[in-house]
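I opened this notebook to keep track of what I looked up, starting with the open spaces and ending with the ligand. Here is the model I worked from.

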Amino acid sequence: MARIVITNGTVITATGAHELTVVVDGERIAALLAPDSSDHASAAASGSHVIDAVGKFVIPGGIDVHTHMEMPFGGTMSSDTFETGSRAAAWGGTTTILDFAVQKKGESLQAALDLWHQKAGGNCAIDYGFHMIMADVNEITLKEMDVLHGEGITSFKLFTAYPGVLYSTDGEIFRAMQKAGQIGSMIMMHCENGIVIDEIIKDHVGRGETAPYYHSISRPEAMEAEATHRCIQIAKVAGSPVYVVHLSAKEALEQVVIARDRGQNVFAETCPQYLYRSIDDLTRPGMDGFEGANFVCSTPLRHREHQAELWRGIRMNDLSVVSTDHCPFCFKEQKAMGIGDFSKIPNGMAGVEHRMDLLYQGVVDKHISLARWVEVAATTPARLFGLYPKKGVIAPGADADIVIYDPNARQTLGVEMHHMAVDYSAYEGEVIDGRCDLVMSRGRIVIENKQYVGTKGQGSYLKRSLSQYLV
Ligand code: DUC
Ligand code: ZN
Ligand code: ZN
């Protein structure tokens, strides 16, 4: 592999902006050089491939710690494969994904892990790792958590939603958290009171209130806040950290703030759809009145007033990470399953391709700084999930997962331009600032001159360490 020297760019890290030349040797970053250093001229002259990044940002590749490729859900399967989804991620400047392997009831964690390796292996355009969804917490699977650590799975997700499918009782959550506390795993929680929500769903459907809008109405903020509070309290008693996934309601955020202020190891993520879309989108009149189905996800989209609170949470570090919960379903064959009954609409939205850009728009709109953009999109995800300092940073020794980002470009989002395997865009027609100019995954250029130049299967499985945030 050629030596690559990126000159004249502004390197953005979680600590700020620096005018530095980045030298890539093979798969790694070899050096960062001041433009006036004596090494600089020789690095650029020594037969290297020189990339001029003048006027551009040089940032670590994004890390999306919450994706669902080829995930069985609601009687169907999310529409991106690891091949299409990881390639779409690369287009958008994300060079690592952490996907959720799903244990079914009665199955071992190892069986679920084997299946996810089969799905992803040889197919990914970028590096990837897994969390494990535990749908069946019992003596055997609790023991398996240790085994999975050995395989690089150091985080486990449990649900207080979806009774009968992915749901865990408080007792099961407590046991898994207790184990996590002992061995140092991260517990990720989907926080919604699914037992109450299922009753509310019955009420709405019984009254003939079957439109997509009722999906959001049947999953009230209070039920997200209640489950968030409960999981935080159980984690406290069990002696475990907890990471709240796809937080959407300001009432849930309040619970996270209280716990963090008390010094508890509580972390949370939100997703771009909660920052840019709202419950109003569920009443869109298009697609024969069913367009709202495209905005059905759980936790659901909230009223617009929540958005400012979420941005504040990101700015103030109450929300540590922005991931996507990328879980695409096509309108025609999949979302349409819920015509006449919103509870049958597969839950999920596509986003893996747009996270870096939509967050950069948050910089343009002055919600967050450039450094915070990189921190929530790459550095903290790496540190929280055992990938740092291999990933998430531009520093000597780190993997050369690098994005050259053009802040002066403009792009119009939409189904015609995106690369995700889904037949609609939640951001159709939105014009945003900034776009990836060049994307590099472990020293190999994968996106350049608006072309995908990578190869299927070049992404490697990442065996992760324990979270750097736990002491
Ligand atoms: N939420 C979604 O929207 N989709 C998949 C699973 C989940 O928790
Ligand atoms: Zn979830
Ligand atoms: Zn999810």
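What volume does the largest pocket have? I found about 630 Å³ for the largest pocket, and I keep in mind that this is a predicted model.

**Entry 1, the largest pocket.** I next asked which residues are involved. The lining of the largest pocket counts 29 residues, and those closest to its centre are Phe73, Gly74, Tyr162, Val165 and Leu166. I then went through the secondary structure: β9 (72-73), α3 (109-120) and α6 (194-206) each give two or more residues to this lining. The biggest share comes from α6, which gives 4 residues. Sorting the lining of the largest pocket by class, I got 16 nonpolar, 7 polar and 6 charged residues.

How much space lies in the second largest pocket? My note says about 200 Å³. There are 16 lining residues here, with Trp91, Gln411, Met417, Arg435 and Cys436 closest to the centre. Two strands, β18 (402-412) and β19 (431-441), are the elements that give two or more residues to the lining of this second pocket. Of the elements, β19 gives the most, with 3 residues. By class I wrote down 5 nonpolar, 6 polar and 5 charged residues for the lining of the second largest pocket.

I turned to ligand 1 and found that the space it takes is the largest cavity. Which residues are around ligand 1? I listed Phe73, Lys157, Phe159, Tyr162, His190, His246, Cys297, Ser298, Asp325, Cys327, Asn347 and Gly348. This shell splits into 5 nonpolar, 5 polar and 2 charged residues.

From serine 298, a backbone N or O atom lies 2.7 Å from a nitrogen atom of ligand 1. Asparagine 347 also uses its backbone, with a polar atom 2.8 Å from a ligand nitrogen. Histidine 190 brings in its side chain, where a polar atom lies 3.0 Å from an oxygen atom of ligand 1.

Technical notes. Residues are numbered from 1 along each chain as its sequence is written. Chains are lettered from A and ligands numbered from 1 in the order in which they are written. This is a predicted model: local features need pLDDT of at least 70, side-chain atom pairs count only at pLDDT 80 or more; totals for chains, interfaces and linings use all residues. Side-chain values use heavy atoms; hydrogens and water are left out. A residue is near a molecule or strand if one of its heavy atoms lies within 4 Å of it. A polar contact is a pair of N or O atoms within 3.5 Å; within protein, one must be able to donate a hydrogen and the other to accept it, and residues adjacent in sequence count only if both atoms are side-chain atoms. On a 1 Å grid over the protein atoms alone, a cavity is a set of points where a 1.4 Å probe fits but cannot get out, and a pocket is an open set with protein on both sides within 12 Å along at least five of seven lines; lining residues have an atom within 4 Å of a point. A molecule sits in a cavity or pocket if more than half of its atoms lie within 2 Å of its grid points. Ala, Val, Leu, Ile, Met, Phe, Trp, Tyr, Cys and Pro count as nonpolar, Asp, Glu, Lys and Arg as charged, and the others, Gly among them, as polar. Grid points are joined across faces, edges and corners, and a volume is the space filled by probe spheres set on the points.
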